[in-house]
Amino acid sequence: MFGTVDKSLKQLWLQDGDPSQNSAMACAAMDRANCELLKIPPRSPDLNPIENIFKLVSDALRKQAIRSQITKETYEEFKNRVVFTIQSLPPEVINNTIASMPNRVKEIVKRKGQRLRF
């Protein structure tokens, strides 16, 4: 039946510190849905694929700057370098990052919300 929750199944609720997740209404909904609360750090990069991609881009930009001895550049030059770096990422890097999310969630659960080292 639509709208019913199988009470024999424990649901996992990830909480990243958003105050609305602590409201009486949210707590009651989690209780009705038989949720187990797992608090994670706000904007946790472990559970956000784009944060992982941003880290790869940032690392690549830093290496480019060192390799090319860039100590100063205009906004336009930097913007172009960022766009080129993002567009140069192999699709499999992005796909693998996204595909790794279920394992990351399992690890975060196992570590009770502690950060991972990816």
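Which residues of α2 are buried? The close-ups below take up that question in a predicted model, where local features need pLDDT of at least 70, side-chain atom pairs count only at pLDDT 80 or more, and totals for chains, interfaces and linings use all residues. Residues are numbered from 1 along each chain as its sequence is written, and side-chain values use heavy atoms, leaving out hydrogens and water.

**View 1. Helix α2, residues 49-67, from end to end.** Helices here are DSSP runs of H or I with at least four residues, numbered from the N terminus. The end C-alpha atoms of α2 lie 27 Å apart, which agrees with the 27 Å that its 19 residues should span at 1.5 Å a residue (1.5 Å times one less than the number of residues). After α2 comes Q69, with a positive phi near 55°.

**View 2. The buried residues of α2.** Here is the answer: N52, I53, V57, L61, Q64 and A65 are buried (under 20% relative accessible area with a 1.4 Å probe, protein chains only; exposed is over 50% and partly exposed in between). They pack against α3 (75-88), α4 (91-99) and α5 (101-110).

**View 3. Where α2 meets α4.** The two helices pack at about 140°, their axes 9 Å apart (lines fitted to C-alpha atoms over the stretch in contact, with angles from 0 to 180 degrees between N-to-C directions). P49, N52, I53 and L56 of α2 make the contact with V93, I94, T97 and I98 of α4 (heavy atoms within 4.5 Å).
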